[in-house]
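Please read the following report beside the sequence and the model, which are shown first. It takes up charged contacts, then a sheet, then a surface patch.

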Amino acid sequence: ALAPLPDSWVNPVHFQPNIDGMWQSIPSAVVDMIHAQEIDVIVKYGMGLLKTPSDLGDIPILSFHHGDPANYRGRPAVFYEMLNKENYVGITVQRLTNILDSGPILAFAEAQVIPYSYKKTMRNVYYSSKYLLKKAILSHMHNKTISTAPSKKLFKLPKNITVVKLSLILCFRFVKKILHLSLYDRYWRIAFSTQPIDFFSDNKLTLTGIDVLGESSDYSFVADPFFCPQGKFLRFEGMSKRTGLGELAQIPICKTEDRSVVMMGPHLSYPMSYMHDNVEFLFPEMSGLAKQKKFTIENGAIVDTTTLSEFDGIAVKDPTILNYKGDSYCFFSEGTTANFILHLWVDKSQLGKFKPHPLSPICISPSNARMGGNIVCSNDDLFRFGQCCNTTYGEALAVMKIDILSPTSYVETRIG
């Protein structure tokens, strides 16, 4: 998780604002106190519309806004996004001006919309918001802003008939969700393709040359395919028809009809593995267990187990390890926020202990946060695959180019 702001940075001030109609302002005595204490940044909480006082000078006032100003200025938060079937709710920390929701944006994120639940969507919005304040203050310190043009439309509190309309829509969506879960099963399969991919061209994969992995009577579906680093095995998750839980299986690349089970137990998936000091380690998703572990692999078999205590209490989802320039990085999602928040931890100098990267979480968006496979290195460039979970889990893959990666910095750009 992102480290909290140091106590020495924070000085809460409680006061009664001046009120002029629907606008509020900071009393002059409080402004004098701010100057006397040489405050650098003000963060607004628990107030309505605030006019920035002219005698405050260049001291910025930062404020949260739950809505993407490019599309949803005004209020109430979440309501119109759900009414209009949006896939996400924007979250901003902006520098206040006297024009509503039009100030420079210092931090931005996208929380996933749960189409049938206003409460769960609001929970996603508030949970995501906690990560943005430190990012916004760092942006202010480095004089960085996010360029966006605010919408000319200003949303206001809805009429009763509109509230009733959304309530009925949510009920319909909930019933539709229940019926879908009752009547439809997931059916995923794995296929091989030898078609080359150029990350900077307009690639189109076709069914030509696709080799589909043969079905197994043991599994209702197979998913999460990973080649082992040496290229000898393909490992994947198989959903057991007998237990209804995921287990990890593998097949030799040269003889795909031979299958063997690598691990069984509470739900297991995402059998990612990596090499360190010429030893292969398996680092699967095992959030059904209390402890995250990694496993030493020799000739396709587990020979040793290590418990990773730094992840205690964290339901790690889709963990992906990258060894890069002498350091190890762990990309992963967590628990109920897995579809829209991506964390990054780092093991500096590969000493065997992961700690949160100072910029983690590095992505807050349902369109590309959740990991979708290994980090790919192509012509010295790094590419991250992110699952698009806008409307349903894993509906597509986004391609992110990692522009900067170090123990203190991270920058990525979406290219596809």
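## Salt bridges

The structure holds eight salt bridges, each defined as a side-chain nitrogen of Lys or Arg within 4 Å of a carboxyl oxygen of Asp or Glu. In one of them the side chains of Lys291 and Asp312 meet, at 3.1 Å from N to O. Because Lys291 lies in the loop between β17 (279-282) and β18, and Asp312 in the loop between β19 and β20 (316-324), the pair ties together parts that are 21 residues apart in sequence.

This is a predicted model, in which local features need pLDDT of at least 70 and side-chain atom pairs count only at pLDDT 80 or more, while totals for chains, interfaces and linings use all residues. Residues are numbered from 1 along each chain as its sequence is written, and side-chain values use heavy atoms, with hydrogens and water left out.

## The open sheet

Four strands form an open sheet in the order β16-β17-β18-β19, with antiparallel pairing; strands are DSSP runs of E with at least two residues, helices runs of H or I with at least four, and two strands pair if DSSP finds at least two bridges between them. The edge strands, each pairing on one side only, are β16 (273-276) and β19 (301-307).

Strand β18 (residues 293-298) is joined to β19 by six bridges, and the bridge partner of Lys293 in β19 is Thr307.

## A positive patch

Lys119, Lys120, Arg123, Lys177 and Arg186 form a positive surface patch, where patch residues have over 30% relative accessible area (Shrake-Rupley method, 1.4 Å probe) and no salt bridge, like charges being joined within 9 Å. Helix α3 (residues 118-129) gives the most to this patch, with three residues, and Arg123 has its place in that helix.

Note on methods: Patch = residues over 30% accessible without salt bridge, like charges linked within 9 Å, V, L, I, M, F, W, Y side chains within 5 Å. Lys, Arg positive; Asp, Glu negative; His and termini not counted. Charge placed at Lys NZ, Arg CZ, Asp CG, Glu CD.
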